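Dear colleague,

Please find below the structure that I am handing over to you, with its sequence. My notes on what was found follow it.

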Amino acid sequence: MAPKAVLSGNENMTGRIIGKELIELGSVGSTNKEAAERLALSQVAHGTVILAHEQTDGRGQRGRSWVSGSSLDLTFSIVLLPSRLRASDQFKLAKVAALAVQEVVQAKVLNEVKIKWPNDVLVERRKIAGILIKNAIVGNMVQSSIVGIGLNVNSRELDEAYLPTSLRLETGVEQDRMTVLEELLSAFERRWVQLETDHPALGSDFSDALWSVGRWTGFELDGNPITARAMDVDSDGRLIVETEDGKVTAYGLERLRFGER
Ligand code: BTN
């Protein structure tokens, strides 16, 4: 089915930039791909949100697919055109997105909501949201960023292989997706302002929200299983872990990942 585009201005009176332009699509392959195509044609302003009620080819991390319920969950991408974000600071975008999702979900559910490095959002051990960020770097600056967010809202039948959950499963109550989207965009904007103003809470709140900190956990380092405990992230977004020999090292995603649960 061809995407149905509905352009609407921001009708709230908050002067919010994130979501001021909302492009609402019926069915699309991937909102991240759609955003990239429109960005390449210079058709999108900073803060534009592309929302799909159905994604037929949703993309996840490490080439995986992202499956969500048609008109049940939230799948959207936020286009950012930062004016002065250094490439070396790009992990701050992951912090903005993950914290926005984490705080909106935490306000609705009783169980603890944490961020599994780099930016999955978990309720206890179950994944409720995934984030896929694509940055374009020019020189040493981030020229544009597409922040794709998938949040399980009303789905109840999810693939147990991924240990998933949804707001509906956590709360027992059907959620209004567009209200949740509004809340997410407001939270994102607050965190975006923290990024722009170099507010220390962006870093400290992210550290506080990190999943499994201080707990011995299974990881894969260069493809080999190891046991380590996460401590924090460094400014490059690498996870700082202590291994069983007492050594403390920061690793990026190219070397370290959490083991399968
Ligand atoms: C993950 O693997 O955890 C990341 C999942 C990201 C899914 C979102 S849904 C909206 C946007 N469009 C995509 O194709 N992927 C992201």
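How many residues of the shell around the ligand are nonpolar, how many polar and how many charged? The shell has 12 polar, 5 nonpolar and 3 charged residues. Please note that this is a predicted model.

**The ligand and its shell**

In total, 20 residues surround the ligand, and the closest are S30, Q55, R59, Q61 and K127. Two of these residues can be described by their side-chain distances. For K127, a polar side-chain atom lies 2.6 Å from an oxygen atom of the ligand. For S30, a polar side-chain atom is found 2.7 Å from an oxygen atom of the ligand. T31 faces a nitrogen atom of the ligand instead: an N or O atom in the T31 side chain is 3.1 Å from that nitrogen. On its own the ligand has 420 Å² of accessible area, and the protein covers 98% of this.

As for secondary structure, two or more residues of the shell come from each of helix 1 (31-40), strand 4 (74-80), strand 7 (126-138) and strand 8 (141-151). Strand 7 gives the most, with 4 residues.

**The largest pocket**

The ligand takes up the space of the largest pocket. About 940 Å³ of space lies in this pocket. Its lining consists of 45 residues, of which R64, W66, D120, K127 and Y162 are the closest to the centre.

The elements that give two or more residues to the lining are helix 1, strand 4, strand 7, strand 8 and strand 13 (256-258). Here too, strand 7 gives the most, with 4 residues. By class, the lining has 18 polar, 15 nonpolar and 12 charged residues.

**Backbone features**

Two points in the backbone deserve a mention. The peptide bond that joins W117 and P118 is cis, with an omega of about 5°. P118 is located in the loop between strand 5 (113-116) and strand 6 (120-123). R62 belongs to the loop between strand 3 (49-55) and strand 4.

With kind regards

How values were computed
Residues are numbered from 1 along each chain as its sequence is written. This is a predicted model: local features need pLDDT of at least 70, side-chain atom pairs count only at pLDDT 80 or more; totals for chains, interfaces and linings use all residues. Side-chain values use heavy atoms; hydrogens and water are left out. A residue is near a molecule or strand if one of its heavy atoms lies within 4 Å of it. A polar contact is a pair of N or O atoms within 3.5 Å; within protein, one must be able to donate a hydrogen and the other to accept it, and residues adjacent in sequence count only if both atoms are side-chain atoms. Accessible areas come from the Shrake-Rupley method with a 1.4 Å probe; for residues, only the protein chains shown count as cover. On a 1 Å grid over the protein atoms alone, a cavity is a set of points where a 1.4 Å probe fits but cannot get out, and a pocket is an open set with protein on both sides within 12 Å along at least five of seven lines; lining residues have an atom within 4 Å of a point. A molecule sits in a cavity or pocket if more than half of its atoms lie within 2 Å of its grid points. Ala, Val, Leu, Ile, Met, Phe, Trp, Tyr, Cys and Pro count as nonpolar, Asp, Glu, Lys and Arg as charged, and the others, Gly among them, as polar. Grid points are joined across faces, edges and corners, and a volume is the space filled by probe spheres set on the points.
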